[in-house]
Protein chains: 2
Amino acid sequence: MDAEEFRRRGMEMVDYVANYLENIEQRPVYPDVEPGYLRSLIPTEAPLEPDNYDDIIKDVDRVIMPGVTHWHSPYFFAYFPAATSYPALLADMLCGAIGCIGFSWAASPACTELETVMLDWLGKMLNLPEHFIAGTHGHGGGVIQSTASEATLVTLLAARCKAVRRVQASNPEKSEAEILSKLVAYTSEQAHCSVERASLIGGAMIKKVPTDNNYAVGGDMFKKMLEEDKAAGLIPFYFCATLGTTASCAFDRITELGPICNKENIWMHIDAAYAGSAFICPEFRPLLNGIEFADSFNFNPHKWLLINFDCSTMWVKKREDLIGAFKMEPLYLKHENQESGKKRFRSLKMWFVFRMYGIQGLQAYIRKGSNRLNELLLKRITKSREIHLVPCQLSGRFVLRFAICARTTDSRHIQQAWRHITQLTFEILQEPNH
Amino acid sequence: MDAEEFRRRGMEMVDYVANYLENIEQRPVYPDVEPGYLRSLIPTEAPLEPDNYDDIIKDVDRVIMPGVTHWHSPYFFAYFPAATSYPALLADMLCGAIGCIGFSWAASPACTELETVMLDWLGKMLNLPEHFIAGTHGHGGGVIQSTASEATLVTLLAARCKAVRRVQASNPEKSEAEILSKLVAYTSEQAHCSVERASLIGGAMIKKVPTDNNYAVGGDMFKKMLEEDKAAGLIPFYFCATLGTTASCAFDRITELGPICNKENIWMHIDAAYAGSAFICPEFRPLLNGIEFADSFNFNPHKWLLINFDCSTMWVKKREDLIGAFKMEPLYLKHENQESGKKRFRSLKMWFVFRMYGIQGLQAYIRKGSNRLNELLLKRITKSREIHLVPCQLSGRFVLRFAICARTTDSRHIQQAWRHITQLTFEILQEPNH
């Protein structure tokens with residue numbers, strides 16, 4: 001295939017992609033196939049001579065599509081979302097064409113530098129503390145990882161390295177193996193399983209902190225565990241807090257946990273994989289209060305910020321903590337301004353998406369609803385005369401107050417009112433151009 | 001941006017990509033910029049309101065391209081190659097549109113199944129031992145990783161887990177920490193730095209085996225180190241052999257090393273990151289002899305097999321060794337046929353490339369030269385009458401024999417002959433349609 005044929009085939013593919021995404025609602029969201037369905041539909045070996053391109057595209061419809069779980073179907077409510085947008089798809093085409101592998105500045109300066117600047121842009125959107133912004137002289141900054149699990153692993157390993165060095169500095173007679181056997185990491189019992197896996201990989205013990213009735217970890221429970229563990233001769237070194245747990249979107253109380261970690265020399269990592277995107281809206285930003293105590297912070301724009309997988313953004317307070325833990329310097333990589341990790345030019349899709357939506361566009365996407373919609377709903381409720389309620393304003397938002405007022409109201413009436421409200425809401429959302 | 005605008009912008013991007021790759025030879029391969037060049041060229045914050053798409057594309061030329069190291073320039077001879085091809089780019093567009101995250105069968109059956117079948121196709125192209133082919137009932141099989149470094153880490157961790165379990169089975173009183181402190185991994189002193197990094201992450205000791213004059217590790221030296229280490233109470237558990245080292249493409253002697261590893265219960269991993277692609281040609285396949293002793297094997301089609309980064313293919317003899325080392329089962333992921341790891345639909349690009357080139361096309365790409373070219377070169381040499389040599393046939397290849405024959409030949413004559421041969425070769429390769 002030469003450039004000319006690629007032009008033709010590429011345009012066909014753009015059209016195929018546009019049709020797929022435009023009509024995805026018509027496809028069954030979950031495929032009706034049994035394990036092993038695909039193997040019988042294609043040959044057992046690669047062809048000796050080239051196939052025909054048209055046959056490959058026919059096979060996409062015959063072999064692939066019937067077995068796809070359509071993550072971008074509006075009926076997909078499983079796991080978490082996988083973000084996608086047209087600007088991100090365009091940027092990924094460019095990323096594929098440039099096809100550089102950015103493991104050092106020299107391997108592609110634009111790739112390394114755009115990534116740093118995009119992480120600054122995003123960090124400012126989230127109003128992160130100044131020490132997480134690389135700026136031109138900062139000690140901290142951000143990098144793109146593939147997944148939040150990877151960010152957890154990387155920070156746990158950096159924390160392990162730092163802890164071993166600290167203990168050895170005051171106890172030079174202790175071996176690394178001896179120290180490792182005493183290290184304890186902590187996380188919520190509601191945390192994602194990748195935190196436990198990271199500790200397993202790092203060879204460190206992990207303890208799960210019980211949560212309160214809101215599935216959140218608070219300071220008291222954590223402090224109690226720490227005291228017991230220290231008394232038993234263990235060395236607490238890492239705490240992974242979750243903002244927005246997988247099961248119920250619970251928020252650990254980092255304003256309580258942060259000061260404890262700082263005082264005890266425990267690395268605090270904050271995993272906000274799903275919920276983090278919401279912090280670009282000022283009204284959700286208070287949920288991130290306490291971030292100033294953290295050593296590292298991570299969330300996934302590839303979940304909820306319109307940037308295709310993979311794009312998991314991680315910030316550290318001190319870059320040297322990461323670099324120090326993984327540094328290796330073979331001659332063939334030795335070059336000024338070296339970094340580590342092999343990466344594609346993933347920052348291009350951040351750049352395209354941030355610019356094509358603008359901060360306001362991204363905020364509107366997170367909010368989805370609008371004051372206008374809420375006002376319209378109240379008008380319909382009032383017009384229907386079945387129930388009666390009045391609105392209020394909270395931080396610039398038009399809010400419908402639902403107060404239980406009458407002595408005669410019981411559970412039956414509340415349920416009936418709720419059915420009525422949801423029915424009217426549904427009708428509004430069904431209307432074109434709502 | 002709606003589907004209609006994406007159609008238009010997508011077609012423009014296809015054209016941009018085709019122009020970029022068609023004319024890449026004209027661009028300076030290494031950019032003339034200083035660290036920090038990019039930050040001053042773009043705003044310090046994301047725009048509040050959307051930018052204009054045309055401005056973004058103008059900025060690709062103004063901001064990005066001047067800072068790109070062009071990995072696909074014909075003048076790029078640094079590091080290793082990063083493969084690319086038009087069929088792979090097309091497949092990646094489709095991959096982005098489907099945008100599934102395949103961490104389990106249910107998350108996208110087609111993604112999981114095509115990957116297994118493509119790894120079987122590729123495994124058969126390499127003539128891997130039957131136990132690496134998943135087929136429909138095999139215990140082994142292949143998966144795609146992002147990098148060879150990742151494959152090394154994953155197999156080292158699996159080997160560590162297996163070793164700890166084995167030691168504990170016969171010594172139940174030993175703690176995991178105690179066993180960990182005795183584990184030793186081995187690799188060549190010429191191995192890629194990622195092997196040392198993997199052992200650092202896994203908290204295991206690593207020893208580097210000295211190489212012979214060809215920069216290869218042989219059995220005797222390895223055996224000697226093993227005996228000493230076992231006598232000192234250490235527990236050898238992992239050996240990473242390299243086929244095609246980074247510095248000089250040296251090949252460890254796996255036919256000698258394999259039986260030692262098997263006898264000593266040491267996991268043998270083979271890292272053929274760069275060289276592995278060559279094994280699809282029967283004439284290079286003997287370099288892989290000894291693979292039958294390995295527990296795992298990895299190479300990077302994204303280096304030399306026309307498949308865009310990332311596509312690092314790894315096979316294991318027993319899938320359960322990997323699954324057992326990393327299994328975690330939260331309810332929200334619990335589903336029949338679970339796997340682990342979050343991945344994009346990377347097997348699509350394997351499928352497109354294998355089918356659009358065919359095995360013969362891929363082999364021709366690896367070989368690049370041809371018998372016809374060698375014959376032509378000999379004709380020109382003969383016609384020029386400056387030196388004289390004769391050909392031979394070796395395993396179906398037309399080979400030019402260069403024998404030092406005359407008593408009067410000294411180093412000066414050989415150098416002059418070499419200059420003559422390279423000059424004629426250069427002329428042939430410059431001719432259109434060579």
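Which residue, with a positive phi, follows α8(B)? In this predicted model, for which local features need pLDDT of at least 70 and side-chain atom pairs count only at pLDDT 80 or more, while totals for chains, interfaces and linings use all residues, that residue is B:Gly233, whose phi is near 90°. Residues are numbered from 1 along each chain as its sequence is written, chains are lettered from A and ligands numbered from 1 in the order in which they are written, and side-chain values use heavy atoms, with hydrogens and water left out.

Within α8(B), B:Gly219, B:Phe222, B:Met225, B:Leu226 and B:Asp229 are buried (under 20% relative accessible area, with exposed meaning over 50% and partly exposed in between, for a 1.4 Å probe and protein chains only). Seen down the helix axis, these buried residues fall within an arc of 130°, so they line one face of α8(B), the arc being that of the directions from the axis to the C-beta atoms. The face turned away from the buried side carries the exposed residues B:Asp220, B:Lys224 and B:Ala231. The cover over the buried residues includes β2 (183-188), β3 (205-209), β4 (235-242) and α9 (254-263) of chain B.

Note on methods: Helices (H or I, at least four residues) and strands (E, at least two) are DSSP runs, numbered from the N terminus. Contact means heavy atoms within 4.5 Å.
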